[in-house]
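Hello,

Here is the structure for you to look through. My notes on it follow below.

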Amino acid sequence: MSEPLRVVVADDQALVRTGFRMILTADGIDVVGEATNGAEAVEAVRRTLPDVVLMDIRMPEMDGLEATRRILTGAAGEPRVIILTTFDLDHYVYAALSAGASGFLLKDVTPEHLVAAVRMVRSGDALLAPAITRRLVERFAGRGPDTAAIHRDLSALTPRELEVLRLLAQGMSNGELAGHLHLSEATVKTHVARILAKLGLRDRVQAVVVAYETGLVSPSGT
């Protein structure tokens, strides 16, 4: 993509915002807005129309979860949201993934990983760290008032698509799916795209959530 990647950084800690801005700017990424709370984040997104939002999950006045819900309204051209957190197994983070966030990063992320993550979600990929994301979903799927299920009817999926979704929820990459199912990666990508389209999902993260919420995949030890 030739146009500069545009990012809004939302965090109530000035040092975090400054550090992330310096890292991203040094790599040619434009930080077009900053916010200290969720309400400011929503306004910054409406004003600057960024590609990606780095969203702290815990902020005063309006937290990152509510801000994510308001930003991801389903309108065309909405940005990708990456949740920032200090603790990976957080039910607020899970709720944000359910609301459409494309993944999450720990605040002590390395500069290289931060830049790679922002570029990855801008290109349309979900920021899916299989081991951590799976543990997060397994722990919080269907639990608590803030983790409302993404209600989807899986009957629209073919048997092959159900199989792909089940393996996807286990954290398999496209390459691993292709090897396991003896398919080309192009065919796997087509299956994944059809699953997302049929279920009205943004990306692979929400697909993982749906697989657990609907009972297609059961949490470990249950």
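**Notes on the chain**

Buried residues account for 50% of the 222 residues in the chain, where buried means under 20% relative accessible area, exposed means over 50% and partly exposed lies in between, with a 1.4 Å probe and protein chains only. This is a predicted model, in which local features need pLDDT of at least 70 and side-chain atom pairs count only at pLDDT 80 or more, while totals for chains, interfaces and linings use all residues. Residues are numbered from 1 along each chain as its sequence is written, and side-chain values use heavy atoms, with hydrogens and water left out.

The chain has 10 helices and five strands; these are DSSP runs numbered from the N terminus, with helices being H or I of at least four residues and strands E of at least two. Of the contacts (heavy atoms within 4.5 Å) between residues at least 6 apart in sequence, 69% join residues at least 24 apart.

**Helix α7 and its partners**

Helix α7 (residues 159-169) packs with helix α8 (residues 174-181) at an angle of about 130°, and their axes are 11 Å apart. Axes are lines fitted to C-alpha atoms, for helices over the stretch in contact, and angles run from 0 to 180 degrees between N-to-C directions. α7 and α8 are therefore oblique to each other. Angles under 35 degrees count as roughly parallel, over 145 as roughly antiparallel, 65 to 115 as roughly perpendicular, and the rest as oblique.

On the α7 side, Arg160, Glu163, Val164, Leu167 and Leu168 meet Leu177, His180 and Leu181 of α8. By class, the residues of this contact are five nonpolar, one polar and two charged. Here Ala, Val, Leu, Ile, Met, Phe, Trp, Tyr, Cys and Pro count as nonpolar, Asp, Glu, Lys and Arg as charged, and the others, Gly among them, as polar.

α7 also packs with helix α10 (residues 204-213), at an angle of about 100° and with the axes 9 Å apart. This pair is therefore roughly perpendicular. Leu165, Leu168 and Ala169 in α7 meet Arg204, Ala207, Val208, Ala211 and Tyr212 in α10. The contact of α7 with α10 has seven nonpolar residues, no polar ones and one charged.

The side chain of Glu161 makes a polar contact with the side chain of Lys198, at 2.9 Å. A polar contact is a pair of N or O atoms within 3.5 Å; within protein, one must be able to donate a hydrogen and the other to accept it, and residues adjacent in sequence count only if both atoms are side-chain atoms. Not counting residues up to four places away in sequence, Glu161 touches Ala156, His191, Arg194, Ile195 and Lys198.

Arg160 also lies in α7, and at 31% relative accessibility Arg160 counts as partly exposed. Leaving aside neighbours within four places in sequence, Arg160 is in contact with Leu181, Leu183 and His191. Arg160 and His191 are 31 residues apart in sequence and 8.2 Å apart in space, C-alpha to C-alpha.

**A loop residue**

Asp90 is found in the loop between β4 (80-85) and α4 (91-99). Its relative accessibility is 5%, so Asp90 counts as buried. Beyond its neighbours within four places in sequence, Asp90 is in contact with Ile57, Arg58, Thr85, Leu136 and Phe140. Asp90 and Arg139 are 49 residues apart in sequence and 9.2 Å apart in space, C-alpha to C-alpha.

Regards
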